[in-house]
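Please open the structure in a viewer and keep the sequence at hand.

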Amino acid sequence: MPRVFHVMSKPTKAICNLDCEYCFFLSKEALYPGSEFRMPPDVHEAYVRQLLAAQRGADEVVVAFQGGEPTLMGIDFFARTLELEAKHAVPGQRILNTVQTNATLIDDEWAAFLGEHGFLVGVSIDGPRELHDRYRVDKGGKPTYDRVIAGLDALKRHGVEWNALVTLNAANGDHGREVYAFLRDELGATFLQLIPIVEHMEGALASDRSISGAQYGRFLIDVFEEWARHDVGDVFVTMFDTSLAHWLGMDQAGSCVHARTCGDAVALEHNGDLYSCDHYVDPDYLLGNITEGRTLLQLVDSPQQRAFGQAKADSLPSYCRSCDVRFACNGGCPKDRFLTTPDGEPGLHYLCDGYQMFFRHVDEPMRVMTELLRRGADATGLREWYAAADARRAGNDPCSCASGRGWGQCHGRLIHGAGLSHMGNG
């Protein structure tokens, strides 16, 4: 079996043309004083060569670029990537190139190149203008929404496959249905990643930009209720796909955040340094440099990295181990386990209450989808299940979304055409 792992390469390190207030990576340039922060040709080739060699026999190899802002490297860098892949690929090896971008530098030249060569592009956008511009600003503090939309429009004109990466924060955290409807109806997004912003301050505190656990749980529930009724099979939300995989018994499937162990998603710096994780770019978690003797595969399979990945499961407090949704949650990402449990044990995730809200809420519909799939049916049958359940509800019954409002004043009202609907105006 091939050894499959994911490398998040950062050819410009933390250098970016924006200055998003919640970005945790901008400060990382201090690790490399005096650097030009551009991936040199030898590192570039070592990355491509070693990744393709390590995943010989895999169904698909993902070559990923992130930042900072990777488009600052220019089109020639990505054209060279294609040349290196042609040089080092094993016959028959299928390669998917991906780039995560703020899209503000994307024009027709960029979009034509990305479309011609089949790049999958992740576009960072946090919702409608007033929500997006709250924290996603440029170096002068000016809003970026119009520039993002212009870049996205160029991608669409050239048929580039794209997905939306949405950071959930204090500004948009109370607007789940609004953000979801905007992405789906106004932008036409069909693949969504919802990434909660948690900025750890001293002690057990988070910044005022961070989403709260309760906000996060409510956001996911509001989106799920809309998605389950109208969009199963048409819109794909990473958190929902991950959840379904866990209900199917696949504890390592989907997002690494909720996998039982971690360590298969590493971060490659511009100079070839490899770190245990994008959130652990710190000297204590430096595995080595891919140009200095040990290869990507050797570093990923090193005792240091295996111990890092296993520690996620081994460090769970007893409160988590006995939790009824532990199989789906697995304690979340260790970087955010800075609370204490009700019995005083350290290591509780900052979003624990939100995780519990969401996973308990979706238990029944996840079981429905699981049964449908095990029978060989389509998971879109969940829509029919919701429709049948909705038909039995009276106006004063509690709403299915657990908002505390009656059905007739919440989703019942929305479904029957007042306010936001699945054909809504965003």
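Begin by selecting helices α7 and α15, whose axes come within 6 Å and cross at roughly 105°. Here an axis is a line fitted to C-alpha atoms, for helices over the stretch in contact, and angles run from 0 to 180 degrees between N-to-C directions. Helices are DSSP runs of H or I with at least four residues, strands are runs of E with at least two, and both are numbered from the N terminus. The two helices α7 and α15 are therefore roughly perpendicular to each other; angles of 65 to 115 degrees count as roughly perpendicular, those under 35 as roughly parallel, those over 145 as roughly antiparallel, and the rest as oblique. On the α7 side the contact is made by Phe224, Glu225, Trp227, Ala228, Arg229 and His230, and on the α15 side by Leu382, Arg383, Tyr386 and Asp390. Contact means heavy atoms within 4.5 Å. By class, this contact of α7 with α15 has 5 nonpolar, 1 polar and 4 charged residues. In this classification Ala, Val, Leu, Ile, Met, Phe, Trp, Tyr, Cys and Pro are nonpolar, Asp, Glu, Lys and Arg are charged, and the others, Gly among them, are polar.

A note on the source: this is a predicted model, in which local features need pLDDT of at least 70 and side-chain atom pairs count only at pLDDT 80 or more, while totals for chains, interfaces and linings use all residues. Residues are numbered from 1 along each chain as its sequence is written, and side-chain values use heavy atoms, with hydrogens and water left out.

Next, select Tyr386, which lies in helix α15. Tyr386 is buried, with a relative accessible area of 3%; buried means under 20% relative accessible area, exposed over 50%, and partly exposed in between, with a 1.4 Å probe and protein chains only. Leaving aside neighbours within four places in sequence, Tyr386 is in contact with Phe224, Glu225, Ala228, Arg229 and Pro365. The C-alpha atoms of Tyr386 and Arg229 are separated by 6.0 Å, although these residues are 157 residues apart along the chain.

Now display the whole of α7. Its 18 residues should span 26 Å at 1.5 Å a residue, and the end C-alpha atoms are 26 Å apart, which agrees; the expected span is 1.5 Å times one less than the number of residues. Of the 18 residues of α7, 16 are buried, so this helix is largely enclosed by the rest of the structure.

By class, the contact of α7 with α13 has 8 nonpolar, 4 polar and 3 charged residues.

Then bring in helix α6 (residues 176-186), which packs with α7 at an angle of about 50°, with the axes 8 Å apart. The helices α6 and α7 are therefore oblique to each other. The contact is made by Gly176, Arg177, Val179, Tyr180 and Arg184 of α6 and Phe219, Asp222, Val223, Glu226 and Trp227 of α7.

Where is Trp247 placed? Trp247 is found in helix α8 (residues 238-247). At 10% relative accessibility, this residue counts as buried. Among the residues that Trp247 touches, not counting those up to four places away in sequence, are Phe327, Ala328, Phe359, Met366 and Arg374.

Gly68 is in the loop between β2 (61-65) and α2 (75-88), and the peptide bond from Gly67 to Gly68 is cis, with omega near 10°. Ala103 belongs to the loop between β3 (95-101) and α3 (108-116); its phi is positive, about 70°, although it is not a glycine. Ala402, in the loop between α15 (381-391) and α16 (411-415), has a positive phi near 65° and is likewise a residue other than glycine. Is each of these alanines buried or exposed? Ala103 counts as buried at 0% relative accessibility, whereas Ala402 counts as exposed at 51%.
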